[in-house]
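This report treats a single protein chain. The sequence and structure are shown first, and the description follows.

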Amino acid sequence: MMYGKQPMTRRSFLQASAVATGGLILAACAPAAIPSAGTNAEAGAAPAAQPVEVSMWMFSLTDPEMIKVIEEIGVPAFKEAHPEFTLALEFVPYEVYR
């Protein structure tokens with residue numbers, strides 16, 4: 001039996017293309033690498049990133065008691081659970097929400 005160069009069939013080309021495309025898609029979906037704590041210490045301890053602002057819009061909420069609960073209980077609980085974010089509340093009346 002002689003083993004020489006055999007032409008690539010259409011089926012094997014399509015299979016190889018599908019595998020390569022799938023690998024590229026998976027690589028693109030992978031999360032970005034997070035540097036380890038030792039890397040920052042060695043690099044001179046880069047400053048912490050600015051917190052990300054999250055806007056929360058509530059439409060047609062006119063009950064002052066509910067607004068008070070959100071501002072006094074909900075917002076502090078959110079800030080405690082997610083210190084990397086700041087929360088900007090906006091209570092928008094129904095008439096002007098568009």
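## Packing of helix α3

The buried residues of α3 pack against β1 (52-59) and β2 (85-92); contact means heavy atoms within 4.5 Å. These buried residues are I67, I70 and V75, where buried means under 20% relative accessible area, exposed over 50%, and partly exposed in between (1.4 Å probe, protein chains only). The model is predicted: local features need pLDDT of at least 70, side-chain atom pairs count only at pLDDT 80 or more, and totals for chains, interfaces and linings use all residues. Residues are numbered from 1 along each chain as its sequence is written, and side-chain values use heavy atoms, with hydrogens and water left out.

Helix α3 covers residues 64-81 and reaches 25 Å from its first C-alpha to its last, close to the 26 Å expected at 1.5 Å a residue; the expected span is 1.5 Å times one less than the number of residues. A kink of about 30 degrees is centred on I70, the bend being the angle between axes fitted to the seven residues ending there and the seven starting there.

## Overall architecture

Three helices and two strands make up the secondary structure of the protein chain, in the order α-α-β-α-β along the sequence. Helices (H or I, at least four residues) and strands (E, at least two) are DSSP runs, numbered from the N terminus.

Of the 98 residues, 7% count as buried. Residues 24 or more positions apart account for 71% of the contacts with a separation of 6 or more.
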